[in-house]
2 protein chains.
Amino acid sequence: MGKRGKSNRFNVLLNYKLWLSSMSGEGIISGEVYTLLLEIKDKGSLKAATETTGLSYRKAWGDLKNAESLLGYELTHKTRGGKDGGRSVLTSQAHKLLEAYAALEEKLDDAVEEAYRELKKKMES
Amino acid sequence: MGKRGKSNRFNVLLNYKLWLSSMSGEGIISGEVYTLLLEIKDKGSLKAATETTGLSYRKAWGDLKNAESLLGYELTHKTRGGKDGGRSVLTSQAHKLLEAYAALEEKLDDAVEEAYRELKKKMES
DNA sequence: ATCCGTTATGTATATCTTTGCATAACGAAA
DNA sequence: TTTCGTTATGCAAAGATATACATAACGGAT
């Protein structure tokens, strides 16, 4: 280690959280809903999706409903009944949203990482 | 208005929130603490700062203490007593942090705005 | 016609966060 | 040495969020 040791190491992490909101400010889509949609896409049902994401069915269902109501369109085609009980399938708009959101997150991850490096440099100087 | 009207306008806003945390994840500095520090710098006391920022003294004090404990150094020189009761003045490290944070926020504001434009374009296509 | 497991939703419970007192400690200035 | 307004901190109360539980509705497959 260098002359001054690690005395002024800036040992903190930079975190961020994204969400989409309506003009009036209510929350719509956060990372949580994003991963929920990914899981629904994979598993084919909301219930199954909640089991892997860890949130309660009640909340996941509410979040999804909220998101759809504020976006103004459905994110999943929902069917009830049948031997399997029913299923949830992403709409084409949901697919589009997932794609767009993934690109956005990647872009911002990069920006945050770079900003963090600069922050750190400043704080350690 | 154009041929298809505004039917697929993506009428949502992109929001984000930044915070610094310790390695183990506890929150340290959020925008709230940042504006609190700005206000302290301006007003010279924590109490006065809470009056303009709107948070309760109890919480502001706790947040500040938490931030200092996790950073490992003081963000304010605190004095009690005197006709004026006491005061809080930013440390040099706090000044440095404010500067760095402001730069960081500006950078990310730009990145988010750009990312939002792309998101919007994708969602409206 | 019956069954099954999922969607759908209300309500009560618990958990987490913030606020609101209350009250002590402090110490420079008058 | 008394005074004043701030820092400092515990604890109860209030608010906000999330979870848990209960229960209905549904309808394709058997």
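In this predicted model, α3(B) gives the most to the surface near DNA strand D, with 4 residues. A residue is near a strand if one of its heavy atoms lies within 4 Å of it, and helices (DSSP runs of H or I, at least four residues) and strands (E, at least two) are numbered from the N terminus. For DNA strand C, the largest share of the nearby surface comes from α3(A), also with 4 residues.

Residues are numbered from 1 along each chain as its sequence is written, chains are lettered from A and ligands numbered from 1 in the order in which they are written. Because the model is predicted, local features need pLDDT of at least 70 and side-chain atom pairs count only at pLDDT 80 or more, while totals for chains, interfaces and linings use all residues; side-chain values use heavy atoms, with hydrogens and water left out.

- Of the atoms of DNA strand D that come within 4 Å of the protein, 59% are accounted for by sugar and phosphate.
- At least two residues of this surface are supplied by each of α3 (57-71) of chain A and α2 (46-53), α3 (57-71), β3 (76-80) and β4 (86-90) of chain B.
- By class, the surface near DNA strand D holds 11 charged, 10 polar and 3 nonpolar residues. Here Ala, Val, Leu, Ile, Met, Phe, Trp, Tyr, Cys and Pro count as nonpolar, Asp, Glu, Lys and Arg as charged, and the others, Gly among them, as polar.

- Gly81(A) has a backbone N or O atom 3.2 Å from a base oxygen of DNA strand D.
- Arg58(B) places a polar side-chain atom 3.0 Å from a base oxygen of DNA strand D.
- The side chain of Ser88(B) has an N or O atom 3.1 Å from a phosphate oxygen of DNA strand D.

**Surface near DNA strand C**

- DNA strand C is surrounded by 24 residues, the closest being Leu46(A), Trp61(A), Gly85(A), Gly81(B) and Gly82(B).
- Sugar or phosphate makes up 57% of the atoms of DNA strand C within 4 Å of the protein, and the rest belong to bases.
- α2 (46-53), α3, β3 and β4 (86-90) of chain A, together with α3 of chain B, each supply at least two residues of this surface.
- The surface near DNA strand C has 11 charged, 10 polar and 3 nonpolar residues.
- An N or O atom in the side chain of Arg58(A) is 3.0 Å from a base oxygen of DNA strand C.
- A polar backbone atom of Gly85(A) is 2.9 Å from a base nitrogen of DNA strand C.
- A backbone N or O atom of Gly82(B) is 2.9 Å from a base nitrogen of DNA strand C.

**Relation of the two protein chains**

**Core and buried residues**

- The largest nonpolar core has 71 residues, and Ile29(A), Leu75(A), Ile29(B) and Leu75(B) have the most contacts inside it. Such a core is a set of buried Ala, Val, Leu, Ile, Met, Phe, Trp, Tyr and Cys residues joined through side-chain atoms within 4.5 Å.
- Buried means under 20% relative accessible area, exposed over 50%, and partly exposed in between (1.4 Å probe, protein chains only).
- Leu75(B) lies in the loop between α3 and β3 of chain B and counts as buried at 0% relative accessibility.
- Beyond four places in sequence, the contacts (heavy atoms within 4.5 Å) of Leu75(B) include Ile29(B), Leu64(B), Val89(B) and Leu97(B).
- Thr76(A) is in strand β3 (residues 76-80) of chain A and is buried, with a relative accessible area of 0%.
- Leu38(B), in helix α1 (residues 31-43) of chain B, is partly exposed at 34% relative accessibility.

Methods:
A polar contact is a pair of N or O atoms within 3.5 Å; within protein, one must be able to donate a hydrogen and the other to accept it, and residues adjacent in sequence count only if both atoms are side-chain atoms.
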